[in-house]
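Please look over the sequence and the structure shown here before reading on. The notes that follow are grouped by topic for a reader who is new to them.

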Amino acid sequence: YERYYSPECISDMMTRARDAGFFVSYNHPGYSQENYTVYTKYKGMHAMEILNYGSDYFFNNGYVPQVYDDICKTGNLIYCIAADDNHLDVDRFGGYVMVRADKLEYTTVIDALKSGRFYSSSGAVINDIWYEDGYAHITCENAQTIFLNTGTTFGGGVHAKGDEPLTAASFKLHPLMKYVRFTVVDKNGKMAWSNAYPIAEFLGEIEE
């Protein structure tokens, strides 16, 4: 197999890996110095690193929510993960994935990842996300701020008042939203990120 640097070749490699049963992630786009004209052409990945802790610790380019939104706004609604690069002791335990799985077994965890049954975090906690009566709802722990991103100007944030932490927020959905994804920032500045959910899925569930 002859590899060469182009969106077409890299997409082909990711598609082959995905077809072979692997969970495929696009890692540290900030550290890789790739731009919009390249990464928006990639196809075949399940997810991308919204946070690569090693890149963030050493180079201040590991947290890339704009890259995730750029990809999702093209209609390629992949998942987002947080991870360590784990080259040295100092870049460990800064990013991780919380998986909803019945058993701590390889096949069960991989199935949960491929199905998007997870959220990612640098320390903040998301408890639940659901949709009801035209609103997207989220519950979490000890949050300072909860943001909603939608790929449009519809969205926003809810901020804690005083010393009382946020544990929930609700956002009115709009048909022009492209997707729904949450970011939770806790009192210590740690963050958690949901995957981007297609807005049609939210509105479809409500209409049923």
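**Briefing on a predicted model**

N52 has its place in strand 2, in a model that is predicted.

**N52 and its surroundings**
- N52 counts as buried because its relative accessible area is 0%, and buried means under 20%.
- A polar atom of the side chain of N52 lies 3.2 Å from the backbone nitrogen of G54.
- When neighbours within four places in sequence are left aside, N52 is in contact with H28, G62, A83 and D85.

- In soluble globular proteins, nonpolar side chains tend to be buried together.
- The largest nonpolar core has 23 residues, and those with the most contacts inside it are Y26, Y42, M45, M48, Y68, I71 and W193.
- At least two residues of this core are supplied by each of helix 2 (36-39), strand 2 (47-52), helix 4 (65-73), strand 3 (79-83), strand 10 (179-186) and strand 11 (191-193), and the largest share, four residues, comes from helix 4.
- Y26, with its neighbours within four places in sequence left aside, is in contact with E34, Y39, Y42, M45, A47, M48, E49 and I71.
- A second, separate core has 21 residues, including A124, L166, V180 and F182.

**Helix 5**
- Within helix 5, which covers residues 106-115, T108, I110, A112 and L113 are buried.
- The buried residues of helix 5 pack against strand 3, strand 4 (96-99) and strand 5 (118-121).
- G116 follows helix 5 and has a positive phi, near 75°.

Definitions and conventions
Residues are numbered from 1 along each chain as its sequence is written. This is a predicted model: local features need pLDDT of at least 70, side-chain atom pairs count only at pLDDT 80 or more; totals for chains, interfaces and linings use all residues. Side-chain values use heavy atoms; hydrogens and water are left out. A nonpolar core is a set of buried Ala, Val, Leu, Ile, Met, Phe, Trp, Tyr and Cys residues joined through side-chain atoms within 4.5 Å. Buried means under 20% relative accessible area, exposed over 50%, partly exposed in between (1.4 Å probe, protein chains only). Contact means heavy atoms within 4.5 Å. A polar contact is a pair of N or O atoms within 3.5 Å; within protein, one must be able to donate a hydrogen and the other to accept it, and residues adjacent in sequence count only if both atoms are side-chain atoms.
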